[in-house]
Structures are given as structure tokens and as C-alpha cells.
Amino acid sequence: MAKKNRAEKIVDVSMVPDWMREFFPKAGTSLPKWRTDVLIPHVLEREGVCWVEDCWKNPSDVHEGVVTRGDVQGWANKYRVQVHVPINCIALCKECHKYAPSRKEVILWAIEYYGLWVLDWFEALPFTVNPIRGLIEEIRGNIWKG
Ligand SMILES: [Zn+2]
């Protein structure tokens, strides 16, 4: 992506399909309240059981699986809240949360579940150096190869 286009690509709810915009926080959202009121019920309802294949335990934890809270430290709140979106969050049981899945597993799941637009979303996050850029390029490369 050309550098001059970066500002235009910053994440915005317009990148999200209409039906799920309510599950993406707007600028100025209070994070703890958002997680409790909107994100966690949505994610727990979506999975029903722990996200890990063949684990059928009740999910108790919501895990940020692609972009972590550490990744976005120092961002303005309006961008930092974008860690807490359904495409980045999975429901795990306590046991599976000890061995959280890799970023790659979660992003491949997100593509399968939500569609390819999730790559544009993760790519448009306002990183100076995006920690998943290599992963995104690898996935795009594999998609083009078929
Ligand atoms: Zn589990």
C-alpha cells in the first residue's frame, strides 16, 4: 500500500458489513462497558462452546486472537478500541485459554466466518509497523495462488 493512501485506509465502521456494525465500537466508546454490554454477549452467543475444535466446554474468556492489547498500546482510544471487535475476539474455556491459538489460526477462521474483508480491516489498523503484515501478505498470496 502506498504510504500517501494510509490515512484513507484507517479503520472505519464503513468497512464492516451493515449487519455487524453495531458490534464495532465507535470513537469514544468506554472499553470496559463496551466489552460487558456488547462484545462479550455477542462472542459467547456466536460460539456457544469453546472456540477450540473438539473442545465442547462452556466458554468463559474472550481472547483477542489476532491483534493484542499490547500491539495497540499508545494508540488513541478511538483506534485502541478496535482490538475489541468480533473479528478479533474468540471465546475460550479457561483450559484452552492457557494455550491460546496462534494469530494465523484466528485470522484464517475470521476470513472463513466473516469474509475476506477482515484482511482489509486488520491491514488498515493504524500501526507504524503492522505486526501481522507478513501474515496478511502470506494469506493474500495463498488466496491468489488458489
Ligand atoms: Zn476449550
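Biologist: Which residues does A100 touch, leaving out those up to four places away in sequence?

Modeller: A100 touches H63, G65 and L92, where a contact means that two C-beta atoms, placed from the backbone, lie within 7 Å. Please keep in mind that this is a predicted model, in which local features need pLDDT of at least 70 and side-chain atom pairs count only at pLDDT 80 or more, while totals for chains, interfaces and linings use all residues. Residues are numbered from 1 along each chain as its sequence is written.

Biologist: Why is A100 called partly exposed?

Modeller: A residue is buried if 20 or more other C-beta atoms lie within 10 Å of its own, exposed if 12 or fewer, and partly exposed in between. A100 has 18 such atoms within 10 Å, and it is therefore partly exposed. A100 lies in the loop between α4 (94-97) and α5, these elements being DSSP runs numbered from the N terminus, with at least four residues of H or I for a helix and at least two of E for a strand.

Biologist: How do you know whether G28 and D54 are buried or exposed?

Modeller: G28, in the loop between α1 (6-9) and α2, has 8 other C-beta atoms within 10 Å, so G28 is exposed. D54, in the loop between α2 and β1 (61-64), has 6 other C-beta atoms within 10 Å and is therefore exposed as well. The phi angle of D54 is near 70°, a positive value in a residue other than glycine.

Biologist: Why is α6 called roughly antiparallel to α7?

Modeller: Helix α6 (residues 117-124) and helix α7 (residues 133-145) pack at an angle of about 155°, with their axes 10 Å apart; axes are lines fitted to C-alpha atoms over the stretch in contact, and angles run from 0 to 180 degrees between N-to-C directions. Angles under 35 degrees count as roughly parallel, over 145 as roughly antiparallel, 65 to 115 as roughly perpendicular and the rest as oblique, so α6 is roughly antiparallel to α7. In this contact, L119, F122 and E123 of α6 meet I136, I139 and R140 of α7. By class, the residues of this contact are four nonpolar, no polar and two charged, where Ala, Val, Leu, Ile, Met, Phe, Trp, Tyr, Cys and Pro count as nonpolar, Asp, Glu, Lys and Arg as charged, and the others, Gly among them, as polar.

Biologist: What makes α5 oblique to α6?

Modeller: Helices α5 and α6 pack at an angle of about 130°, with their axes 8 Å apart, and that angle makes α5 oblique to α6. The contact is made by I107, A110, I111 and Y114 of α5 together with V118, L119 and F122 of α6. This contact has seven nonpolar, no polar and no charged residues.

Biologist: Which residues touch the most other members of the largest nonpolar core?

Modeller: A nonpolar core is a set of buried Ala, Val, Leu, Ile, Met, Phe, Trp, Tyr and Cys residues joined through C-beta atoms within 7 Å. Of the 27 residues in the largest one, V66, A91, L92 and F122 touch the most other members. The elements α2 (31-47), β2 (89-92), α5 (103-114) and α6 each supply at least two residues of this core, and β2 gives the most, with four residues. F122 touches V66, V67, I107, I132 and I136, not counting residues up to four places away in sequence.
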